[in-house]
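Hi everyone, thanks for making time.

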Amino acid sequence: MDCMVTGGNVKVLAKAVHSLSRIGEEMYLEPQEDGLTLRTVNSSRSAYACFLFSPLFFQKYAPCRNPVFRCKMTVKSVQAVFRSLSSLEKTVERCHIELNREKCRLTFTLHCKHGLLKTHNLSFQDSESLQAVFDTDSCANVLRAQPRLLVDTVLHFPPSLEEVSVSVSAERVWFRSHVEEGADQSRAMLTELCLSAQEFEHFAVSHPTHITFCLKEMRGLLMFAEASGLPVSLYFDEPGRPVVLSLTDSVLEVSFVLATLSEESPPLNHSNSSAERKPNPPPPDDFLNDDIDSYLIAMETSELAGGSDCPPPPPPPPPCDPGVSRHRPREGEEEEGEQEEEEEEGEETETGRPPNKKFRSLLFGSVLPTSSQAANQTLRNQEVLASDSEEEEEEEEDPASP
Amino acid sequence: MRFRAKMVDVGCLNNFTRVVNTISKLTKTCTLRLTTDNLFFMLSDKVANGGVSMWCELSQQGNFFDEFQLEGVSAEANEIYLELQPENLSRALRTAQNAKSLKIKLTKKHCPCLTLAAELPSLSSVSRVVTHDIPVDVIPRRLWQDFKEPIVPDFDVSIYLPPLKTMKNVVDRMKNLSQHLVLEANLNGEMNLKIETDLVSVSTHFKDLGNPSWGDDGSQGPSRDRAPEVMAHTRVDIKKLQQFLAGQQVNPSKAMCNIVNKRMVHFILLHEDVSLQYFIPAVA
């Protein structure tokens with residue numbers, strides 16, 4: 001392969017690499033006819049990111065046709081090429097990416113001002129094709145907003161927060177901190193933000209839903225989205241099915257596929273979210289309603305005789321059946337069977353415990369092609385199955401059903 | 001027990017945020033005492049943790065809140081004591097910086113919480129609302145006596161402090177060399193910060209700082225018949241001092257220091273409606 005990126009697009013490429021580095025350790029690079037893809041998946045395979053740069057993004061774009069080339073390398077090494085974004089913008093005029101087959105190196109050459117050349121020869125490994133299969137068209141809920149809106153939204157959540165829950169109704173979206181049921185749950189600050197549908201460019205909720213996913217990856221995407229100014233679309237369905245965040249431009253397509261928690265373990269902080277999918281999250285009138293009596297709380301104050309009239313705290317809602325909404329994605333690949341079984345066993349042993357964090361793996365078919373001739377075939381076969389679960393399999397494989 | 005307060009003015013919100021930020025730099029947990037007139041942030045640390053204590057008083061009439069409603073545990077004890085992590089409060093306030101209004105109220109959620117609800121500007125006609133539930137522990141009345149305002153000690157020397165930034169710069173550097181620092185001052189308006197190690201002795205001298213007059217109250221007694229040039233000194237944990245200086249976000253109109261010879265240093269910062277007292281015990 002041989003391609004050339006110029007001007008502001010170098011920074012876009014750099015931002016993409018930085019964004020990928022927030023998710024996975026390895027970057028999969030695949031020059032295809034329809035453009036260059038950079039992909040990554042996180043170690044637990046619950047998050048996948050893909051950037052597709054169309055040939056028009058490049059000043060020159062020539063993928064390898066014969067044999068087809070694809071590789072993976074540590075994302076850190078690529079990040080090193082684009083280390084400083086600010087100096088990149090000031091000094092780099094062009095970036096040339098070329099495959100050196102003899103030395104088995106991928107060469108990144110940065111053409112800087114004053115004729116300075118910076119060359120990075122990166123080693124790589126042959127790799128499988130990494131691809132998540134997801135279908136955004138079938139998603140029940142689609143939201144699209146300017147990146148600023150979502151950036152401002154996640155800013156309210158502490159950086160240490162791992163997961164966020166999103167609830168949608170016909171007119172509103174709620175973002176909430178998701179805190180694991182655990183020891184220091186009572187010590188954690190819980191944050192909730194409500195946005196009106198009017199703030200979105202597009203707001204189509206066909207059934208109210210409550211999903212939970214990792215915030216870190218979303219922050220990674222937003223970092224890129226904010227820099228590019230492209231509106232962000234969110235596609236999602238019921239809990240347990242992946243949420244897809246995407247950006248589209250004439251020369252660029254970005255998709256992040258994030259697993260969502262498959263069980264609705266009701267967050268204790270919101271009294272009216274029950275175990276079943278509750279269509280209507282609490283309206284924000286808690287704030288709008290100014291009657292002080294609604295804030296009346298009666299709490300224990302040991303010395304006070306009258307203080308004991310407080311009702312005991314409501315019992316925690318019973319943990320819901322861990323198997324209720326599990327979707328078992330279809331496996332695309334035989335060779336993957338072993339790995340899959342291991343995963344299943346792991347889950348089976350867990351079923352006795354209360355339903356805690358269970359992100360469904362997005363199940364990426366991944367097999368190292370024995371030789372590059374098989375490449376074209378593997379591309380067809382080794383698709384990653386993200387959302388395509390099948391009902392019968394679900395029942396059969398559900399380890400929780402007795 | 002009810003508490004509800006509302007802030008609309010940006011200036012008030014900023015002032016309050018600065019105070020809370022200062023507190024959060026000083027301690028991980030503290031006690032918030034709410035009365036009808038004042039707010040207090042209090043800390044009395046165990047001796048094992050260095051024994052520092054803090055007393056910060058915000059006068060409620062001082063324009064912090066546009067609305068302030070409080071019903072304490074009973075009519076005769078019309079107060080509420082809460083234990084909380086000021087870091088949470090500080091973080092919540094930070095995200096409410098450009099809020100149109102901010103409400104703070106005591107709520108019963110999964111546990112007792114101090115709930116901050118901020119109404120934020122939005123792109124549409126409907127405001128964005130962000131709420132933060134900060135878990136608190138309600139301190140029962142029988143423990144209230146543990147939180148008494150510290151008495152101003154019978155100090156030997158009371159002196160105005162040099163600009164806190166200057167002091168911080170000096171102490172930051174000294175901290176790299178030593179764990180302890182000797183703070184000494186006299187009634188001639190002179191103050192020294194000294195460290196001494198096997199390898200090096202460093203001393204910074206401040207002069208013409210001025211000594212506050214404490215009127216006729218008894219606490220000034222000992223310093224009256226003191227020779228003005230004689231130094232009172234206390235050796236303190238330099239980390240505690242540095243923490244105090246680093247946390248300052250309120251630029252106080254008055255900053256003073258009382259030294260009880262070989263026993264403790266007592267800092268008093270006054271700024272409009274806020275006063276902050278901080279006690280650092282001496283180390284041997």
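Predicted model: local features only at pLDDT ≥ 70, side-chain atom pairs only at ≥ 80, totals over all residues.

**Where to be careful, and what to look at**

Taken as a whole, chain A has a mean pLDDT of 72, with 64% of its residues at 70 or more.

So which elements of chain A sit at the two ends of the confidence range, lowest and highest? Helix H7 of chain A, residues 337-350, has the lowest mean pLDDT, 38, while strand S18 of chain A, residues 232-236, has the highest, 94.

Let's stay with S18(A), then. Is that strand mostly covered or uncovered? It's mostly covered, with 5 of its 5 residues buried. In general, side chains in a regular strand alternate between the two faces of the sheet. Here, A:Val232, A:Leu234 and A:Phe236 are on one side, A:Ser233 and A:Tyr235 are on the other, and both faces are covered.

Now for the partners. S18(A) pairs with S12(A) in the antiparallel sense, over 5 bridges. In that pairing, A:Leu143 has A:Leu234 as its bridge partner in S18(A). S18(A) is also joined to strand S19 of chain A, residues 243-248, by 3 bridges, and those two run antiparallel as well. A:Leu234 turns up again here, with A:Leu245 as its bridge partner in S19(A). S18(A) and S19(A) make a hairpin with 6 residues between them, and in the turn you'll find A:Gly240, with a positive phi of about 100°.

One helix from chain A before we move on: H5(A), residues 215-228. Its 14 residues reach 20 Å from first C-alpha to last, close to the 20 Å expected at 1.5 Å a residue. Its buried residues include A:Leu215, A:Met218, A:Leu222 and A:Ala225. As a reminder, an α-helix has 3.6 residues a turn, so residues three or four places apart point the same way.

Over to chain B. How many helices and strands does chain B have? There are 5 helices and 18 strands. Its C-alpha atoms fill a box of roughly 65 × 45 × 35 Å along the principal axes. For 284 residues, a compact globule would have a radius of gyration near 19 Å, and chain B has 21 Å, which agrees. Buried residues make up 56% of those 284. And of the contacts in chain B with a separation of 6 or more, 64% are between residues 24 or more positions apart.

Within chain B, have a look at the open sheet of 4 strands, in the order S14-S13-S12-S15, with antiparallel pairing. S14(B), residues 201-206, and S15(B), residues 232-237, are the edge strands, each pairing on one side only. From one strand to the next, the twist averages 20°. S12(B), residues 180-185, is joined to S15(B) by 6 bridges, and B:Leu181 has B:Val236 as its bridge partner in S15(B).

Two helices pack on this sheet. Helix H3(B), residues 164-175, touches S12, S13 and S14 of chain B, and its direction makes about 10° with that of S13(B). Helix H5(B), residues 238-246, touches S12, S13 and S15 of chain B, at about 90° to the direction of S15(B).

Last stop, a backbone detail. Most residues other than glycine have a negative phi. B:Asp208 has a positive one, near 55°, and it lies in the loop between S14 and helix H4 of chain B. Is B:Asp208 buried or exposed? With 68% relative accessibility, B:Asp208 counts as exposed. B:Lys262 also has a positive phi, near 60°. You'll find B:Lys262 in the loop between S16 and S17 of chain B, and at 58% relative accessible area B:Lys262 is exposed.

Notes
Residues numbered from 1 in each chain as written. Chains lettered and ligands numbered in written order. Heavy atoms only, no water. Expected span 1.5 Å × (residues − 1). Buried < 20%, exposed > 50% of the residue type's maximum accessible area, 1.4 Å probe, protein only. Pairing = 2+ DSSP bridges. Axes fitted to C-alpha atoms, helices over the stretch in contact; angles between N-to-C directions. Contact = heavy atoms within 4.5 Å. pLDDT = per-residue confidence, 0-100. Rg over C-alpha atoms; globule rule 2.2 N^0.38 Å.
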